[in-house]
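Take a look at the model below.

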Amino acid sequence: MKLYNTLTRKKEVFKPIEDGKIKMYACGPTVYNYFHIGNARTFMVFDAMRNYFEYRGYEVHFIQNFTDIDDKIINKANEENVPSKEISEKYIREYFRDAESLGIRKANLHPKVTENIKEIIQFIEELIRKGYAYEVGGNVYYNVDAFKDYGKLSKQSLKDLQVGARVEINEDKKNVLDFVLWKAAKPEEPSWESPWGLGRPGWHIECSAMAQKYLGETIDIHGGGGDLVFPHHENEIAQSEGCSGKPFANYWIHVGYLNVENKKMSKSLDNFFTPREIAEEFDLEILRFFMFSAHYRNPLNFSRDLMVSSQNALERLYNAKNNLEHLMKNTTEVSNPEEVEGFKERLSPYKDKFIEVMDDDFNTADGIAVIFDLVRDINSNVSIATSKDGLEYAYKILIDLTGVLGLLNKGEDTLDKEIEVLIERRQQARKEKNYALSDEIRDTLKNMGIVLEDTPQGIKWKRV
Ligand code: AMP
Ligand code: ZN
């Protein structure tokens with residue numbers, strides 16, 4: 001498997017620290033608001049990468065943090081006149097609600113800053129001991145001049161960075177690029193006891209401390225959106241490698257921006273949509289399909305038109321799935337070993353091809369193209385005369401490959417069940433010559449976007 005590593009600006013063969021295991025950390029949201037679908041792109045990419053690693057047989061240990069103490073949270077709490085904990089707890093709950101609606105699984109752990117203050121303080125103390133940090137008047141700063149590799153991730157020299165830095169009047173700092181590890185408490189703000197007095201952690205230190213606590217000094221993969229390369233990830237490297245003297249992450253993965261009219265979707269530009277807003281018009285699985293229709297490193301423009309084409313494309317996949325389910329239920333031929341062999345030979349190359357393109361830096365766009373080739377092949381080669389084993393083989397490949405992307409999960413157990421119950425009730429009504437009821441059910445189904453077809457094998461349904 002090859003992954004593009006921001007640290008080397010190259011696609012590299014992926015080799016985990018420990019055979020068969022992956023330690024992965026992604027920067028999570030600052031919880032002061034609902035997340036937007038730009039944030040969702042990044043969350044979805046790591047979610048699907050994790051699925052894919054698991055599909056390839058790795059055991060993945062995946063951590064995504066919550067930044068639950070920050071200026072933005074405190075400001076929102078002041079605006080609403082509530083404790084900041086109330087804001088962060090609310091938006092953590094909402095994060096899980098929205099993530100679930102987008103088919104994003106929970107990470108193995110979602111640690112919070114406020115539950116790791118002790119570890120953060122210890123981390124900072126270690127940096128001071130080693131000469132990478134200094135305290136001035138209750139604030140602790142990272143000393144970038146002490147870390148010789150500063151700038152290695154964003155490929156900038158300390159000199160260039162200094163020239164470009166915003167001129168800031170802070171006499172306490174030795175270098176304008178020094179960043180805060182611990183902030184002295186301001187009145188009325190949440191704060192914790194520390195060797196430097198009351199205060200709270202700066203933003204960057206939390207990820208270094210939590211990654212080390214939960215995954216160890218060196219991890220396999222560290223990721224986030226492209227906007228985090230500098231300064232956040234650059235600073236994480238300075239902190240973690242300063243503290244441990246070892247490489248922090250072997251592969252740095254950054255997700256391209258979700259844009260609107262070629263501008264990054266962001267809260268500050270007010271050009272964002274929340275998953276809930278999208279859900280008013282589209283099933284959120286369509287958004288997932290849309291996100292994976294581009295390579296994760298490329299920018300992706302969000303538009304209604306692209307959502308509509310994603311909707312149509314996803315529909316074709318669902319039709320293939322529904323058709324297979326229908327055939328499996330109705331075929332009379334249970335087993336035909338020769339035919340199953342034929343199917344294996346015919347369809348397994350799609351699985352190989354899918355793995356080949358996904359192994360090449362997680363190319364979901366090509367992965368989706370392979371799935372469509374598979375679907376075309378299945379559609380033209382299965383029928384009611386295909387044996388159940390053959391159909392099941394085709395079905396399994398389709399479900400496995402789409403499952404990696406978190407697609408085609410709506411099935412028997414959810415919506416399809418509902419539809420089938422309605423169809424059965426309608427059949428019953430017809431038997432009882434209750435045509436008013438049977439018409440009513442037909443209309444309900446029609447409103448759900450379902451059309452019925454009478455076939456010699458019974459009632460068939462599809463989404464339109
Ligand atoms: P935040 O809550 O702002 O820290 O963002 C959470 C995650 O979303 C981070 O990994 C960001 O890099 C990422 N992110 C923010 N905006 C976008 C965007 N427009 N496209 C892709 N990822 C984004
Ligand atoms: Zn981080």
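## The ligand and its polar partners

Start with glycine 225. A polar atom of its backbone is 3.0 Å from an oxygen atom of ligand 1. Keep in mind that this model is predicted.

Two further backbones approach nitrogen atoms of the ligand. For leucine 258, a backbone N or O atom lies 2.8 Å from a nitrogen atom of ligand 1. For methionine 265, the distance from a backbone N or O atom to a nitrogen atom of ligand 1 is 2.9 Å. How much of ligand 1 does the protein bury? Taken alone, ligand 1 exposes 490 Å², and the protein buries 90% of that.

## The shell around the ligand

Which elements give two or more residues to the shell around ligand 1? They are α1, residues 37–55, and β9, residues 219–225. The largest share comes from α1, with four residues.

In total, 18 residues surround ligand 1. The closest are Thr42, Gly225, Asp227, Leu258 and Met265.

## Histidine 254

Now move to strand β10, which spans residues 249–255 and holds histidine 254. Is histidine 254 buried or exposed? Its relative accessible area is 8%. The cut-off for buried is under 20%, so histidine 254 counts as buried.

The side chain of histidine 254 has polar partners. One is the side chain of threonine 6, at 2.8 Å. Another is the side chain of histidine 233, with a polar contact of 2.8 Å.

Set aside the neighbours within four places in sequence. Histidine 254 is then in contact with Thr6, Leu153, Gly224, Gly225, Gly226, Val229, His233, Tyr296 and Arg297.

## A four-stranded sheet

Elsewhere, four strands form an open sheet in the order β5-β6-β7-β8, with antiparallel pairing. Which strands stand at the edges? They are β5 (133–136) and β8 (199–201). Each has a single partner strand, so one side of each is left without a neighbour in the sheet. On average, neighbouring strands of this sheet are turned by 20° against each other, direction ignored.

Strands of a sheet pair through backbone hydrogen bonds. How many bridges join β7 to β8? Three bridges link strand β7, residues 180–184, to β8, and the two run antiparallel. Tryptophan 182 has proline 201 in β8 as its bridge partner.

Technical notes
Residues numbered from 1 in each chain as written. Chains lettered and ligands numbered in written order. Predicted model: local features only at pLDDT ≥ 70, side-chain atom pairs only at ≥ 80, totals over all residues. Heavy atoms only, no water. Buried < 20%, exposed > 50% of the residue type's maximum accessible area, 1.4 Å probe, protein only. Polar contact = N/O pair within 3.5 Å; in protein donor to acceptor, adjacent residues only side chain to side chain. Contact = heavy atoms within 4.5 Å. Pairing = 2+ DSSP bridges. Axes fitted to C-alpha atoms, helices over the stretch in contact; angles between N-to-C directions. Near = heavy atom within 4 Å. Areas by Shrake-Rupley, 256 points an atom, 1.4 Å probe, with all protein chains shown as cover.
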